[in-house]
Amino acid sequence: MNSKRAMRQIARLNPATQLVFAATVALTILSIGLLRASGQSESLTDDSQLTANPDWSKLAASMDKMHMAMQAVARSGNSDIDFVRLMLPHHQAAIDMAKTELLYGKDPQMRRLAQAIVTDQQLEIELMERWLKQREPASAKENQPPVADSGNRDQR
């Protein structure tokens with residue numbers, strides 16, 4: 001199934017079902033990543049591999065950035081919110097790694113997969129961000145700093 005067709009089918013689902021679908025996909029990806037990371041954690045920091053292979057360096061940097069971001073998430077006490085907050089950096093890492101594949105990868109099938117990951121994961125990030133925004137307490141919204149003025153407004 002191509003990614004456009006899959007996204008049309010997902011769009012027909014109600015928002016709660018979309019979130020469950022995204023969560024299922026994300027958990028599957030996370031599980032695979034954790035299995036691989038547990039067996040490769042030492043090799044990620046091997047400096048000789050990092051300098052010899054810029055693609056490996058970028059992949060490892062994406063993983064390191066994701067792990068730091070996930071560790072920085074404070075527990076909210078709401079499993080759904082915690083899940084989404086943890087999945088956001090996970091999805092961003094998938095996008096970053098897929099972009100690295102697009103830069104360095106040669107296999108057409110893996111390049112197509114990487115492009116689909118970029119597209120699909122970005123849509124899922126947007127869905128999760130909207131979901132979180134709808135559930136933010138009013139006090140958190142009020143305490144947000146104002147958006148910086150881009151300077152495009154007419155000055156009076």
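Along the sequence, the protein follows the pattern α-α-α-α-α-α-α. The model, which is predicted, contains seven helices and zero strands. Of the 156 residues of the protein, 25% count as buried. Among the contacts in the protein with a separation of 6 or more, 56% are accounted for by residues 24 or more positions apart.

Helix α4 covers residues 54-71 and helix α5 covers residues 79-104. The two helices pack with their axes 9 Å apart, at an angle of about 175°. Angles over 145 degrees count as roughly antiparallel, and α4 and α5 are therefore roughly antiparallel to each other. On the α4 side, the residues that meet α5 are P54, D55, K58, L59, S62, M63, K65, M66, A69 and M70. Their counterparts in α5 are L86, P89, H90, A93, D96, M97, T100, L103 and Y104. By class, the contact of α4 with α5 consists of twelve nonpolar, three polar and four charged residues.

At 1.5 Å a residue, the 26 residues of α5 should span 38 Å, and the end C-alpha atoms of α5 are 37 Å apart, which agrees. At the start of α5, a side-chain oxygen of N78 comes to within 2.9 Å of the backbone nitrogen of D80. Q92 also belongs to helix α5. With a relative accessible area of 30%, Q92 is partly exposed, because this value falls between the limits of 20% for buried and 50% for exposed. Q92 and K65 are 27 residues apart in sequence, and their C-alpha atoms are 9.5 Å apart in space.

Helix α6 spans residues 108-135. At 1.5 Å a residue, its 28 residues should span 40 Å; the end C-alpha atoms of α6 are 41 Å apart, which agrees. At the start of α6, a side-chain oxygen of D107 lies within 2.9 Å of the backbone nitrogen of Q109. The buried residues of α6 are A114, V118, D120, Q121, E124, I125, L127, M128, W131 and L132. An α-helix has 3.6 residues a turn, so residues three or four places apart point the same way. The buried set in α6 includes A114, V118, Q121, I125, M128 and L132.

At 16% relative accessibility, V118 counts as buried, because the limit for a buried residue is under 20%. Leaving aside residues up to four places away in sequence, V118 touches I95, A98, K99 and L102. V118 and Q92 are 26 residues apart along the chain, and their C-alpha atoms are separated by 8.9 Å. Of this pair, V118 is buried, whereas Q92 is partly exposed.

Terms used:
Residues numbered from 1 in each chain as written. Predicted model: local features only at pLDDT ≥ 70, side-chain atom pairs only at ≥ 80, totals over all residues. Heavy atoms only, no water. Helix = DSSP H or I, 4+ residues; strand = E, 2+ residues; numbered from the N terminus. Expected span 1.5 Å × (residues − 1). Buried < 20%, exposed > 50% of the residue type's maximum accessible area, 1.4 Å probe, protein only. Polar contact = N/O pair within 3.5 Å; in protein donor to acceptor, adjacent residues only side chain to side chain. Axes fitted to C-alpha atoms, helices over the stretch in contact; angles between N-to-C directions. Parallel < 35°, antiparallel > 145°, perpendicular 65-115°, else oblique. Contact = heavy atoms within 4.5 Å. Nonpolar A, V, L, I, M, F, W, Y, C, P; charged D, E, K, R; others polar.
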